[in-house]
Amino acid sequence: MPRIGLGLWGPREGSEAEGAAEAALAAGYRLFDSAAVYANERSLGRALARSGLKRAEYFIVGKVWFEREGPGEPKKAVMESLARLGLGHFDLGLIHWPTRRCSLTFKALSEMAGEGPLRAIGVANFSPDQLRALMGETGLVPHVWQMEIHPLRIRDDVREMARELGIALMAHCPLARGRLKKNQIVGRLAAKYQKSFAQVILRWAWQKGLCPIPKSVRPDRIRENAQIFDFALAAEDVAALDRLDQGQSVLKPPFCFDEDGYVLGHLK
């Protein structure tokens with residue numbers, strides 16, 4: 001799995017989503033984080049088809065939405081997404097959000113893994129307790145765990161559990177949706193390294209062993225976000241960013257949750 005990718009949440013089907021994927025491919029991105037609910041799989045598929053790259057040269061993440069948990073639904077959802085993308089398999093298939101029935105979905109994903117429509121499986125937005133429950137019910141350990149991680153929400157508990165179990169960590173919202181853009185510490189480090197605020201934070205994530213998946217539709221920002229391999233943050237600068245941790249989420253999902261954090265459904 002590549003160690004940085006493009007998050008595709010935001011732009012719907014059309015020229016904006018297609019242009020973002022094309023700009024990312026031109027900038028050297030080879031990991032694309034997609035989902036049916038993002039409603040832009042066809043745009044990504046068109047950009048990939050025009051790239052001239054062989055299928056083994058890029059890594060595509062897909063997700064099963066929580067409303068596709070009935071009998072046979074996870075496999076149907078995966079195959080529908082692949083048809084929209086024009087691909088034969090996902091490199092990684094994730095459960096998008098935890099629900100009380102997600103163990104059934106995870107078992108269904110495991111049955112598709114290997115040489116089938118999924119090469120690897122994982123989860124997104126699961127707390128450590130929810131992941132322990134899932135593994136206890138299924139006897140399966142995910143290959144990848146996608147979580148909201150950035151300097152305002154470092155999630156030491158998640159990173160420690162992932163290390164213990166050998167699970168790769170993918171960080172969505174790695175730039176905290178711009179909330180660190182005017183932070184004085186980030187600004188000082190950007191000036192020190194002559195990099196943008198985004199490059200400093202993405203390099204921090206990379207040095208933490210994370211796979212960040214920043215999203216953007218602007219070609220200049222997409223190119224800039226990939227240029228994090230020509231410098232390294234000193235240990236004291238990594239520590240300075242670590243001290244920004246407030247356990248603060250920037251994600252505001254339009255769902256209602258039960259007392260244990262499982263999704264119950266959409267807010268009305």
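This is a predicted model: local features need pLDDT of at least 70, side-chain atom pairs count only at pLDDT 80 or more; totals for chains, interfaces and linings use all residues.
I began with the second largest pocket: 16 residues line it, and W97, N125, R153, R155 and F257 lie nearest its centre. (A pocket here is an open set of points on a 1 Å grid over the protein atoms alone, where a 1.4 Å probe fits, with protein on both sides within 12 Å along at least five of seven lines; lining residues have an atom within 4 Å of a point.)

Residues are numbered from 1 along each chain as its sequence is written, and side-chain values use heavy atoms, with hydrogens and water left out.

Next I followed F257 to its neighbours. W65, F66, W97, F255 and F257 make up one aromatic cluster. Rings of Phe, Tyr and Trp (its six-membered ring) pair if their centres lie within 6.5 Å; planes under 30 degrees apart are stacked, over 60 edge-to-face, the rest tilted. F255 and F257 have ring centres 6.2 Å apart and planes at 65°, so I noted them as edge-to-face.

How exposed is F257? I found F257 partly exposed at 35% relative accessibility, while F255 is buried at 7%. (Buried means under 20% relative accessible area, exposed over 50%, partly exposed in between, with a 1.4 Å probe and protein chains only.)

Last, I turned to the largest pocket. Of its 39 lining residues, W9, C173, R177, K215 and L251 are the closest to its centre. I also saw R177 over the face of W9, 4.8 Å from the ring centre; the rule asks for NZ of Lys or CZ of Arg within 6 Å of the ring centre and within 35 degrees of the ring normal.
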